Amino acid sequence: MLNEGIGHSHAKAILMGEHSVVYGEPAIALPLKNIDMTVTITVRSDQQQLIHSKYYEGTLRDLAGSYEGIRQLIMRLLTQFNANDLGFDLRFASKIPQERGMGSSAATSIAIIRAFYQLFETKLDTKTLRHLANIEESITHGSPSGIDAATTSSSDPIFFIKNKELTPFKIDIPGYLVIADTGVMGQTGLAVSSVRRLFDEEPSSTRRLISNLGQAAIEAKQALQDGDVEQLGDLMNKAHGYLHALGVSHPHLETLVKTALKNGALGAKLTGSGIGGSIIALAKDLHDAKRIAKALIAAGAKEYWISPLSADSQAEATE
Ligand code: MEV
């Protein structure tokens with residue numbers, strides 16, 4: 001065992017297919033590598049198990065509420081490595097806002113698991129990494145599709161079908177995503193269960209919305225392959241309409257989506273579970289992206305990020 005283990009991860013944005021992905025429809029998600037997180041575990045000489053983060057400062061034992069999944073994940077890792085009595089300081093350094101549709105809980109798990117495996121000098125394969133992260137995600141969110149753990153541990157965009165397909169691919173087209181935070185907490189568990197309720201109450205119209213979202217994801221994959229950003233923007237607008245009809249939008253999300261479109265976005269939609277959280281808007285170039293971001297802040301967004309669609313221009317947008 002080393003004295004210190006370090007694990008990294010990053011945020012994600014679902015480009016297409018949130019919610020419908022839970023029902024087996026395809027989805028596309030992008031890693032946001034410049035919005036990252038680092039977890040450092042340092043071994044202590046006593047047996048105290050201490051967590052230090054912006055949101056929580058205290059013992060592992062007292063970590064509760066929405067962190068229950070994280071607590072259970074750490075306990076499981078300690079048991080797995082035969083180290084239940086190990087004293088440690090576990091520190092988070094994160095740029096990912098919590099509960100804003102950007103995969104913060106999955107990214108936290110991914111970074112923790114990587115840090116523990118490094119500490120215990122154990123090789124970690126991707127399948128195990130995602131499996132362990134999804135244990136936390138099930139406790140935190142109910143019945144996750146697995147897309148958050150898959151994207152926050154992937155360095156490429158992914159085409160994803162729950163329990164069936166996880167295909168990383170490259171995007172090689174111009175265009176920038178502006179991600180903007182409403183400042184309103186999205187609640188994944190609540191949003192997923194409200195769609196489930198709608199499904200029970202109105203099965204045929206809900207089924208239609210879900211399959212329309214899946215179809216939009218398939219067409220978006222094609223638009224990405226064809227380099228057709230305008231078509232991608234249209235599909236994002238359609239997807240936002242379907243998500244709104246599923247009841248997972250929020251007045252602040254609506255304001256930001258409309259503001260982005262009014263300021264030249266090719267398309268805009270909520271991203272992640274909704275009912276708060278963030279939007280993504282598609283800009284044709286960096287200049288437009290900056291203008292849209294400024295307008296979003298003026299319309300009440302709390303924070304924004306600009307990320308190129310194509311990973312090759314990653315460095316350009318980092319400001
Ligand atoms: C949350 O980032 C995405 C949802 O589709 C839930 C899931 O896929 O588990 C809303």
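The model is predicted: local features need pLDDT of at least 70 and side-chain atom pairs count only at pLDDT 80 or more, while totals for chains, interfaces and linings use all residues. Residues are numbered from 1 along each chain as its sequence is written, and side-chain values use heavy atoms, with hydrogens and water left out.

**Stop 1: the two domains**

Colour residues 4–167 as domain 1 and residues 172–317 as domain 2; such bounds come from an automatic or database domain assignment. Their C-alpha centres are 24 Å apart. Across the boundary, 28 residues of domain 1 are in contact with 46 residues of domain 2, where contact means heavy atoms within 4.5 Å.

**Stop 2: the core**

Next, select Leu-15, Met-16, Ile-74 and Phe-116, the residues with the most contacts inside the largest nonpolar core, which has 103 residues. A nonpolar core is a set of buried Ala, Val, Leu, Ile, Met, Phe, Trp, Tyr and Cys residues joined through side-chain atoms within 4.5 Å. Buried means under 20% relative accessible area, exposed means over 50%, and partly exposed lies in between (1.4 Å probe, protein chains only). Domain 1 and domain 2 each supply at least three residues to this core. In soluble globular proteins, nonpolar side chains tend to be buried together.

Now show what surrounds Leu-15: leaving out residues up to four places away in sequence, Leu-15 touches, among others, Ile-28, Leu-30, Leu-177, Met-236 and Ile-280.

**Stop 3: helix 1**

Select residues 68–80, which form helix 1. Helices (H or I, at least four residues) and strands (E, at least two) are DSSP runs, numbered from the N terminus. How far apart are the end C-alpha atoms of helix 1? They are 18 Å apart, which agrees with the 18 Å that its 13 residues should span at 1.5 Å a residue; the expected span is 1.5 Å times one less than the number of residues.

The buried residues of helix 1 include Gly-69, Ile-70, Leu-73 and Ile-74. The buried residues of this helix pack against strand 3 (49–52), strand 5 (88–94), helix 2 (104–119) and helix 3 (126–141).

The axes of helix 1 and helix 3 come within 8 Å and cross at roughly 145 degrees; axes are lines fitted to C-alpha atoms, for helices over the stretch in contact, and angles run from 0 to 180 degrees between N-to-C directions.

**Stop 4: two residues with positive phi**

Most residues other than glycine have a negative phi. Select Asn-82, in the loop between helix 1 and strand 5: its phi is positive, near 55 degrees. Asn-82 counts as exposed because its relative accessibility is 74%.

Then select His-19, in the loop between strand 1 (4–16) and strand 2 (27–43). His-19 has a positive phi of about 70 degrees. Is His-19 buried or exposed? At 5% relative accessibility, His-19 counts as buried.

**Stop 5**

Select Asp-156, in the loop between helix 4 (147–152) and strand 6 (158–161). Asp-156 is buried, with a relative accessible area of 17%. Leaving out residues up to four places away in sequence, Asp-156 touches Pro-31, Pro-168, Phe-169 and Lys-170.

Finally, select His-240 in helix 7 (residues 229–245). His-240 counts as buried, at 5% relative accessibility. Beyond its neighbours within four places in sequence, His-240 is in contact with Ser-249, Glu-254, Val-257, Ala-268, Lys-269 and Leu-270.
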